[in-house]
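I'm jotting down what I looked up, in the order I looked.

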Amino acid sequence: MFNEAKKLIDKSNNIYVVGHIGPDGDSIGAAFGMCLALRKMGKNANVIMQQCSDSFKFLPYINEAKKNVEEESYDLLVCVDSSSNDRLDMLKEDYDKAKSILMIDHHKKVNPYGDVNCIVEDLPAASEIVYDLLRAMEIEIDKDIGTYIYTGIMTDTGSFNYASTKPSTLIAAAYLVEIGVDFGSICDKLNHTLKEPKLKLIAKAIDNMEVYYGGKLRYSYVSYEDINRLGVEEEDAEGMTNYLRMPEGTEISVYVRGKSDGTNKVSMRSGGNVDVSKIAIHFGGGGHVRAAGYTMRDDLEIEKQKLIEIIGGRV
Ligand code: 5GP
Ligand code: MN
């Protein structure tokens, strides 16, 4: 699978790497891991990223990300962790400047794009595909590259807890630990550290919880005004579904947050009996069986009722 990707990389010199909007640990891990590896191969490589949560600011070189492409054109765009090209964290005009596109992803495919695809739907993280690609290309994974790949794998597997975790995932992680990745520090910074406003947002999201279908569905909404008032940065207002699904008997948890542009972002988690990616795709989004999302663009109450109804038919 990696032969075509290797050929494309070999013949390219000026390369940009981009993940999805509202980058999570896997998007950041796959993008920077790939970019640092490309630099090691002697390429002129950069990551395009608009902004990310402060919690990732401990990662090396993260502040070097560019927002735009400065050149008129470039050889290759590597897109990671994004199931469709309208979710890439870059301007359309910069996307169009690429002579070739390589796509590396692990989502259920909705709109495939690009010249060469490395898609492995059953791997838990795009970062694990980047790991496999680098190993296949015999590129040495150094500590910085490893730190990013480990971050991506750790975050998208819920610290190796989700059922999506494969034996290969644990083997990759073991390799990264062996080369010196400081996994304890990554875990501490991303799993056990948060700003006080975020803790208050968690309390607010739990307080706002609504229960449907005898506890099989737990839903919470937090408005943009509340997020703003609490002092939580928009890109940091995520991660509430993990708490909402903790009560026994929960099948699906849904967290909806208001955004500054007036739309509402939906985040869903499933225990595995219901494929939430199908629901997300139905509403124009995407994701995986157990984790998916989309954006509500119309009236919140109407959209909410539609969602609760469709879930009711499945739980
Ligand atoms: P989260 O709930 O953490 O934002 O996202 C869970 C999963 O669903 C991730 O894999 C993410 O890429 C995917 N996802 C979330 N929102 C959207 C969306 O608006 N469109 C698509 N295509 N995927 C989404
Ligand atoms: Mn991912």
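I started with the area buried between domain 1 and domain 2 in this predicted model: it is about 920 Å², and carbon and sulfur atoms give 53% of it. Buried area here is the accessible area (1.4 Å probe) that two parts lose on being put together, summed over both.

Next I checked the bounds: domain 1 is 2-191 and domain 2 is 196-312, as an automatic or database domain assignment has them. Their centres, taken over C-alpha atoms, are 26 Å apart.

Ground rules I noted: residues count from 1 along each chain as its sequence is written, while chains are lettered from A and ligands numbered from 1 in the order in which they are written. Local features need pLDDT of at least 70, side-chain atom pairs count only at pLDDT 80 or more, totals for chains, interfaces and linings use all residues, and side-chain values use heavy atoms, with hydrogens and water left out.

Who touches whom? I found 10 residues of domain 1 in contact with 12 of domain 2 (heavy atoms within 4.5 Å).

Then I looked for salt bridges (a side-chain nitrogen of Lys or Arg within 4 Å of a carboxyl oxygen of Asp or Glu). Between the two domains the count is 1. Lys-108 pairs with Asp-275 in a salt bridge, closest N and O atoms 3.0 Å apart. The whole structure has 18 salt bridges. Another one joins Lys-40 and Glu-140 at 3.4 Å, N to O. That pair links distant parts of the chain, 100 residues apart: Lys-40 is in helix H2, Glu-140 in the loop between helices H4 (126-136) and H5 (143-156).

Last entry: what coordinates the manganese ion (ligand 2)? I got Asp-26 (OD), Asp-81 (OD), His-106 (NE2) and Asp-156 (OD), at 2.2 to 2.3 Å. Along the chain these donors follow the spacing D-x54-D-x24-H-x49-D. Donors are N, O and S atoms within 2.8 Å of the metal (3.2 Å for Na, K and Ca); water is not among the atoms, so sites may look incomplete.

Key: Helices (H or I, at least four residues) and strands (E, at least two) are DSSP runs, numbered from the N terminus.
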